[in-house]
Amino acid sequence: MPFALISAILFLMASHIIGTALHHQSAWQRTVATVTDVSPYSETQANGLKTDGINVALAYVANDAPMTWSGKGKDIGLYKAAKGDQMEFYYDPADPSNLDTAAMKGWRGGLLLLAVTGGFTAFYLWFFWSRGRNTPPALPMIASASRVSGASARPTERQRATFGRR
């Protein structure tokens, strides 16, 4: 049951990633933004891990109006940039300040997640279900010498281990 639950969650995650990326590519508008400022930052989380990233400022045109955006690059899917770089973004026509770069690359990650999960699920089903759930045929039971001759009888020869035989 845990495997089925994990598999279902991974399939839903992959479907969400692919669906979001396809929605952004079909319904959102594409624009080219110019990086106007880049500054590195680092954060220390509550558990002590240090996270490095970049703060960016962008200038772009959305709905025929000049726009600017600034904030953490990871919020829009931007992890590397230099001042003056031009990058393609998608923006929401209803809210042009809502940018996304990951939409262009996100479906590949979703497909990879879907392929890996599907392959593992297929292997799991083959290994545990399709190979046949029949138990191997039972070996005939050999009565031990002590049962045949009585409780006080000793076997004449001890059986050696399987791996020690030649």
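Reader: Start with S1 and S2. How many bridges, and in which sense do they pair?
Author: They pair in the antiparallel sense, over 10 bridges. This is a predicted model, by the way.

Reader: Which residue is the bridge partner of Val 38?
Author: Val 56, in S2.

Reader: Next, S2 and S3. How many bridges there?
Author: Eight bridges join S2, residues 50–62, to S3, and the two run antiparallel. Ala 57 has Ser 70 in S3 as its bridge partner. Val 61 stands opposite Pro 66 in S3.

Reader: What about the turn between S2 and S3?
Author: S2 and S3 form a hairpin with two residues between them. Asn 63 in that turn has a positive phi of about 55°.

Reader: Zoom out. What is the strand order in the sheet?
Author: S3-S2-S1-S4-S5, five strands in an open sheet with antiparallel pairing. The edge strands are S3 (65–72) and S5 (95–100), and each pairs on one side only. On average, neighbouring strands are turned by 40° against each other, direction ignored.

Reader: What holds paired strands together in general?
Author: Strands of a sheet pair through backbone hydrogen bonds.

Reader: Switching to packing. Which residues have the most contacts inside the largest nonpolar core?
Author: Leu 58, Tyr 60, Trp 69, Ile 76, Leu 78, Phe 89 and Leu 99. That core has 14 residues.

Reader: Which strands supply at least two residues of this core?
Author: S1 (29–44), S2 and S4 (86–92) each do. S2 gives the most, with five residues.

Reader: Why would such side chains gather?
Author: In soluble globular proteins, nonpolar side chains tend to be buried together.

Reader: Now H1. What span should it have, and what does the model show?
Author: H1 covers residues 2–27, which is 26 residues. At 1.5 Å a residue it should span 38 Å, and its end C-alpha atoms are 37 Å apart, so the two agree.

Reader: Which residues are buried in H1?
Author: Ser 7, Ala 14, Ile 18, Ala 21 and His 24.

Terms used
Residues are numbered from 1 along each chain as its sequence is written. This is a predicted model: local features need pLDDT of at least 70, side-chain atom pairs count only at pLDDT 80 or more; totals for chains, interfaces and linings use all residues. Side-chain values use heavy atoms; hydrogens and water are left out. Two strands pair if DSSP finds at least two bridges between them. Helices (H or I, at least four residues) and strands (E, at least two) are DSSP runs, numbered from the N terminus. Axes are lines fitted to C-alpha atoms, for helices over the stretch in contact, and angles run from 0 to 180 degrees between N-to-C directions. The expected span of a helix is 1.5 Å times one less than its number of residues. Buried means under 20% relative accessible area, exposed over 50%, partly exposed in between (1.4 Å probe, protein chains only). A nonpolar core is a set of buried Ala, Val, Leu, Ile, Met, Phe, Trp, Tyr and Cys residues joined through side-chain atoms within 4.5 Å.
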